[in-house]
Amino acid sequence: MTFGFIYIITNKNNTTLYTGVTSNLSKRIIEHKTKKYSKSFSVRYNLEKLVYYECYQMIGDAITREKKIKAGSRRDKINLIQKSNPNWLDLFKEIENIMSRN
């Protein structure tokens, strides 16, 4: 069984949002922060601040959820973020700790 995560990242001014899915959240956020894929959307808009994530026991469930979030409006994404992270803090340190316990 492969765990899955959906996540939303943004830039320092919270103006652009990107929703993604991965099986290793910590590794994926590090890739965004280090700009591993130089021609990617996240590099173009300097998206490296993790502001929202969800964990699923199966990657297929995470993919389904990602599609639902992507199909929603920007307002829907902002509401998701605001509910769990009203100050739009970078949650990277939080997930580093979560991932290291597993």
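Two strands count as paired if DSSP finds at least two bridges between them. Strands themselves are DSSP runs (E, at least two residues), and helices are runs of H or I with at least four, numbered from the N terminus. What you're looking at is a predicted model, where local features need pLDDT of at least 70, side-chain atom pairs count only at pLDDT 80 or more, and totals for chains, interfaces and linings use all residues. Residues are numbered from 1 along each chain as its sequence is written, and side-chain values use heavy atoms, leaving out hydrogens and water.

Let's start with the sheet. It is open, with three antiparallel strands in the order β2-β1-β3. β2 (17-22) and β3 (49-56) sit at the edges, each pairing on one side only. From one strand to the next, the twist averages 15°.

Now follow β1 (residues 4-10) along β3: seven bridges join them in the antiparallel sense. Ile8 has Tyr52 of β3 as its bridge partner, while Gly4 stands opposite Tyr56 in β3. β3 is mostly covered, with six of its eight residues buried (buried means under 20% relative accessible area, exposed over 50%, partly exposed in between, using a 1.4 Å probe and protein chains only).

On to a couple of loops. Between α2 (41-44) and β3 you'll find Asn46, which has a positive phi of about 55° although it isn't a glycine. Asn46 is partly exposed, because its relative accessibility is 37%. Trp88 lies in the loop between α4 (74-84) and α5 (92-101), and its phi is also positive, near 55°, again in a non-glycine residue. With a relative accessible area of 11%, Trp88 is buried.

Notes:
Axes are lines fitted to C-alpha atoms, for helices over the stretch in contact, and angles run from 0 to 180 degrees between N-to-C directions.
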